[in-house]
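Please walk me through this structure.

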Amino acid sequence: MSELLINIDWYEIWQATLDTLLMLGGSLLFTVILGLPVGVLLFLVGPRQMFEHRALYAMLSFVVNVLRSLPFIILLIVMIPITVVMTGTSLGVAGAIPPLVVGTTPFFARLVETALREVDRGIIEATQAMGASTRQIIFNALLPEARPGIIAATTVTAITLVSYTAMAGVVGAGGLGDLAIRFGYQRFQTDVMVVTVVLLLLLVQVLQSVGDRLVLRFSRK
Amino acid sequence: MIEFHDVHKAYAVNGQNIVALQPTNLQVQPGEIFGLIGHSGAGKSTLLRLINRLEEPSGGRIVVDGVDVTALDAQGLRRFRQRVGMIFQHFNLLASKTVANNVAMPLKLAGELSKAQIKQRVIELLARVGLSEHADKYPAQLSGGQKQRVGIARALATDPKILLCDEATSALDPQTTGQVLQLLAEINRELGLTIVLITHEMDVIRRVCDRVGVMDAGVIVEQGSVSDVFLHPQHPTTQRFVQETEQDSDLSIDENYQQISGRIVRLTFVGEATYAPLLGQVARDTGVDYSILAGRIGRIKDQACGQLTLALTGGKELLAEQQLRAAGVHVEVLRP
């Protein structure tokens with residue numbers, strides 16, 4: 001056993017796992033906080049919706065598409081100066097969160113928009129007919145009705161974030177992916193590679209099944 | 001209660017102007033059930049949605065209970081909508097909320113009652129529509145008829161004076177339709193609620209409405225009391241709707257009575273006259289003979305009514321007609 005995993009420093013693995021979880025948690029939190037309103041806005045000003053606004057929708061849509069088409073690795077590097085201004089460092093967990101958030105927020109916002117479009121227009125109409133304000137329509141009808149879809153979107157985003165955190169290792173972010181690249185790949189320490197990959201796989205599995213369970217719990221259809 | 005003054009509505013679709021509603025004048029009386037019937041695309045749904053401004057009118061004035069709805073600002077419109085209930089063909093319940101929470105929703109949005117008061121009101125409302133034991137279920141667990149009952153309870157939550165029904169029974173089977181219509185008639189009677197309903201089924205109109213408007217291509221082509229419109233349809237669209245409810249007998253439209261001798265008349269009985277033995281009496285008194293060519297007997301809302309097409313012979317036909325008219329029967333001469 002010890003010979004098989006000869007290069008493994010379990011403390012370092014633990015540290016890296018913690019870093020990955022911190023990056024994941026932190027950036028997921030900010031992605032949801034920023035992406036949810038953007039997604040709602042995209043939905044509201046979208047074609048044939050309550051506040052249809054072609055110019056605004058086109059502009060938002062364009063920004064979202066640009067950010068989504070930028071390869072994440074490029075975004076990481078481009079973001080360095082901005083990250084330094086925001087967090088004081090471009091390294092470590094703190095340095096990784098801004099590019100991760102910028103990378104996934106547009107993606108998440110699009111998924112939220114799609115989830116909201118799935119809400120039956122009749123429900124919006126019924127809520128309007130009750131005399132609801134726009135705010136009330138969003139918080140009392142749209143978001144509760146789209147909740148399963150939004151949870152599914154969050155799950156997909158979290159899993160995307162796991163693979164992005166691995167890339168963030170390139171700019172010195174730390175974490176499991178970083179370990180896999182530096183030790184497993186560059187130093188040919190296959191055991192490190194295997195262990196980190198298995199851990200990442202476990203993480204993805206856990207995220208997906210927790211997400212699926214929550215979706216099921218909130219689906220009433 | 002509801003007045004339309006030259007209200008019209010047009011949409012721009014791909015640069016083209018599509019008229020959904022021609023300038024329309026309409027009066028709905030307090031406490032009545034007013035039905036609008038028309039085929040899809042006739043503009044009835046637009047007309048209904050103009051009442052609570054889910055559709056903005058292109059012009060004209062809509063006055064509801066003395067309030068000029070067309071002049072309301074956003075806040076005023078919200079207040080107004082809280083006093084107008086609405087139910088829908090596909091129920092439009094929130095799948096994510098329980099039955100009780102769906103019913104409570106308009107009350108929560110209005111924000112006028114305390115939590116305890118809302119809870120109490122929801123219990124009353126669910127009892128009224130007969131769904132007390134389903135309070136904690138989700139809409140997906142209910143049948144169509146039950147969902148529409150939840151819709152009705154929700155629409156009644158804020159104690160509205162007006163209820164708008166958008167094809168409320170079109171997604172239901174005939175038996176459930178009957179139950180829902182009965183419930184609507186009941187709340188109309190007990191709460192004095194003014195109801196405007198739209199439908200494409202003449203049967204719905206016949207069973208619950210007091211007055212009816214028939215719509216075709218954005219125009220109300222005929223309106224009046226249901227018994228008048230039903231028994232003496234004037235406009236071709238109305239005649240077609242009436243015909244649809246008569247499965248095999250289609251006495252009212254262009255019959256060819258060439259082989260039959262005598263004077264052909266159509267008698268319409270409404271109310272008590274329907275069950276009175278008038279025909280025999282008149283025949284005995286005047287010596288007129290009659291043969292029945294076609295007939296139907298049924299109910300319009302709570303009123304019995306019947307219509308018979310007869311061929312009269314024997315010489316004193318005019319006297320017979322006079323006696324029938326005197327007894328309250330409407331007589332139309334189809335062929336002298």
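Two strands pair if DSSP finds at least two bridges between them. Helices (H or I, at least four residues) and strands (E, at least two) are DSSP runs, numbered from the N terminus. With that in hand, start at a sheet in chain B. Four of its strands form an open sheet, in the order β2-β1-β4-β5, and the pairing is antiparallel. The edges belong to β2 (16-28) and β5 (67-68) of chain B. Each has a single partner strand, so one side of each is left without a neighbour in the sheet.

This is a predicted model: local features need pLDDT of at least 70, side-chain atom pairs count only at pLDDT 80 or more, and totals for chains, interfaces and linings use all residues. Residues are numbered from 1 along each chain as its sequence is written, while chains are lettered from A and ligands numbered from 1 in the order in which they are written.

β5(B) is joined by two bridges to strand β4 (residues 59-64) of chain B, and the two run antiparallel. Here V64(B) stands opposite V67(B) of β5(B). A helix packs on this sheet: α1(B) touches β1 (2-13), β2 and β4 of chain B. Its direction makes about 120° with that of β1(B). Contact means that the C-beta atoms of two residues, placed from the backbone, lie within 7 Å. Axes are lines fitted to C-alpha atoms, for helices over the stretch in contact, and angles run from 0 to 180 degrees between N-to-C directions.

How enclosed is helix α1 (residues 44-51) of chain B by the rest of the structure? Eight of its eight residues are buried, so the helix is largely enclosed. Among them are K44(B), R49(B) and I51(B). A residue is buried if 20 or more other C-beta atoms lie within 10 Å of its own, exposed if 12 or fewer, and partly exposed in between, with C-beta atoms placed from the backbone. Just after α1(B), R53(B) takes a positive phi of about 55°.

Now step back to chain B as a whole. It has eleven helices and 14 strands. Its C-alpha trace spans about 75 × 50 × 35 Å along the principal axes. Of its 336 residues, 41% are buried.

Chain B is assigned domain 1 (2-245) and domain 2 (263-335). Such bounds come from an automatic or database domain assignment. The two centres, taken over C-alpha atoms, are 38 Å apart. Nine residues of domain 1 of chain B are in contact with seven residues of domain 2 of chain B. On the domain 1 side, α7 (202-208) and α8 (226-231) of chain B each supply at least two residues. α8(B) gives the most, with four residues.

Chain A has a helix pair to look at. The axes of α1 (residues 10-45) and α7 (residues 176-185) of chain A come within 7 Å and cross at roughly 135°. That makes α1(A) oblique to α7(A); angles under 35 degrees count as roughly parallel, over 145 as roughly antiparallel, 65 to 115 as roughly perpendicular and the rest as oblique. Contributors include A16(A) and T20(A) from α1(A), and L176(A) and L179(A) from α7(A).

Last, where the chains meet. The contact takes 20 residues from chain A and 20 residues from chain B. On the chain A side, α5 (121-129) and α6 (134-168) each supply at least two residues.
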